[in-house]
Amino acid sequence: MIAQLNNLVLYAKPVVHEKTTSMQNPSFVSIQVRCFSSSRLTHQPKASLSDSTQVVTSPFANRVSRTARTEGQEALFDYLHCTRSFGFTDAEHISKNSPKFLDNLLSKIDCEKEIASLLRRFLRYNPINEFEPFFESLGLSPSELPLLLPRHLMYLSDDTVMFENFQALCDYGIPRSNIGRMYKEAREIFGYDCGVLTLKLQAYEYLGLSKGTVVKLVSCCPWLLIGGVNNELVNFLEKLKYLGLGMDWIGGYASNNCTYNWNRMLDTMDFLDDVGYTKQQMCSLFERNPALLLEGSGKNVYVLFGRLLKLGLEMNEVYSLFMQYPQVLSVKSTRYLLQALDYLIEVGMGTDEIADVVVSDLEFLSSSRLKRPSTVRRELKVGRDGLLQVIREDPRKLLRLASKSKATTSKQVVSQVPYNHLEKTSFLMRLGYAENSEEMIKALKKFRGRGDQLQERFDCLVEAGLDCNVVMNMIKQAPMVLNQSKDMIVKKIACLTSCIGYPLESLEAFPAYLCYDMDRINLRFSMYSWLREKRAAKPMLSLSTLLACSDARFAKYYVDIHPEGPIMWESLKKQKKPRAK
């Protein structure tokens, strides 16, 4: 199977770019030098825009007002879109997501006057290095740019191969904010010939992965797109399928901020198999606690299992403990538990005694950090032997005194919180949030409604035709989606598919669509449908382009492009006003 896929995706020779060094990048162009030559530079520039603004006379010199920044974004957008002929979406994204570059640009003009006109005039005579705002808009920090900017290039149009591969990633559905990391960690993929990168992405779909899962995997592990289909990943996915989890299980929990070691994760599953876990037990364990594999790629399993087995616990006892307290296998809980074991060893407890404490109080041991034994001895005014005697008489009492936080067990929490809070917590745990984690606490504040209502809205999206993993990713991107009522979600989906004929999958790229009010959606969609009928607009503009921009920007770049557009726009607004009332 792998051989067939690798035959489909040929080893395309990437276009070779010269590697940059840590010296000052010569592609930086001083915006104080007028340049009317071709885009291929033939002279040695002096400094970059960022370098030219490093000296600041006061700590307030770089502060830019919100109004100034907004006008600056408009001017930069006009320059990229109208002067440099960037696509609307590309120009808009770059102008809104390169704040450091924009601040440096604004520092070259008088921000107390008409900023937009001054900046447009400035850009007219001072061309910029377009790679700087472009890379910053992809999630790279300005400090990373000197080693990444191509040498002797100033305009994005100078590197058509790189930009074509960038567009291929965007078209596939990879968020632009993830592409910067991909460029930094696997620059080779931006040198492929036309069409090769798309074939490599599709090759992973042929394994049985959904498009959403492929997006997640290549975002966090961009080296998967170098060479042929990754054998280690294939073996890992086949193991997931064998356990009954399904290949797309990984897509529901993988994080864009992590990198995964597929071999180590596979070894973790083999290790559990060797020590006696059945197929059903492993499946249940991973379903209840994905962090077992994903946080540290399974490294915690070896460490924790080894320590507990050394205490003399049987494998069945360890399994029972983990099934009862699955959160113990998270990175933080594992660290606290290992510290607690070291604590008990330091005070002089025997192996059998420690094993008894672990079995009876595992949840508390893994819930908080403990103070040093010397600190506890000073507080209790006892020596080493006295401290050991106290632990033997009442280990729970001493452990609570030694805790650095006033942590409570889950049983205490159950007795203190209302039932609807527990329902909501259970729902979030099914989405992959770890119980009592900081992420869950933040999520509880964002979601409104009872747990059964949130589940009903979630099910509504799945029943509409979206994959379960896709819906989970959408909710993590835009939690406010589940604050919409079920009827409103159904109405907005119907409007999307019937009014402008977009597929349901377009929600995956812009889940925030479901958070906009119906008046705005109906007005924008009605105008867009009219423009398409007049062949004045592209047939499949992104939802973010249609809805996220202001009315003024929408009118300027879409309504005004047709002679009758303004009349139709005003007519549609008058039709919608009675409904708003």
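**Briefing: a buried glutamate and a helix pair**

Let's start with Glu92, which sits in helix 3, the stretch covering residues 88-96. Keep in mind that this is a predicted model. The protein has 581 residues, and 49% of them count as buried. As for secondary structure, there are 32 helices and zero strands.

- Leaving aside residues up to four places away in sequence, Glu92 touches Phe77, Thr545, Cys549 and Arg553.

**Helix 25 against helix 26**
- Helix 25 spans residues 451-463 and helix 26 spans residues 468-477.
- Their axes come within 9 Å and cross at roughly 130°, so the two helices are oblique to each other.
- The crossing of helix 25 past helix 26 is right-handed.
- On the helix 25 side, the residues that meet helix 26 are Phe458, Leu461 and Val462; helix 26 brings Cys468, Val471, Met472 and Ile475 to the contact.
- Sorted by type, the residues of this contact come out as seven nonpolar, no polar and no charged.

**The protein as a whole**
- Take the contacts between residues at least 6 apart in sequence: 73% of them join residues at least 24 apart.
- The protein exposes about 28,600 Å², with carbon and sulfur atoms supplying 51% of that area.

Definitions and conventions:
Residues are numbered from 1 along each chain as its sequence is written. This is a predicted model: local features need pLDDT of at least 70, side-chain atom pairs count only at pLDDT 80 or more; totals for chains, interfaces and linings use all residues. Side-chain values use heavy atoms; hydrogens and water are left out. Helices (H or I, at least four residues) and strands (E, at least two) are DSSP runs, numbered from the N terminus. Buried means under 20% relative accessible area, exposed over 50%, partly exposed in between (1.4 Å probe, protein chains only). Contact means heavy atoms within 4.5 Å. Accessible areas come from the Shrake-Rupley method with a 1.4 Å probe; for residues, only the protein chains shown count as cover. Axes are lines fitted to C-alpha atoms, for helices over the stretch in contact, and angles run from 0 to 180 degrees between N-to-C directions. Angles under 35 degrees count as roughly parallel, over 145 as roughly antiparallel, 65 to 115 as roughly perpendicular and the rest as oblique. A crossing is left-handed if the near helix is turned anticlockwise from the far one by less than a right angle, and right-handed if clockwise. Ala, Val, Leu, Ile, Met, Phe, Trp, Tyr, Cys and Pro count as nonpolar, Asp, Glu, Lys and Arg as charged, and the others, Gly among them, as polar.
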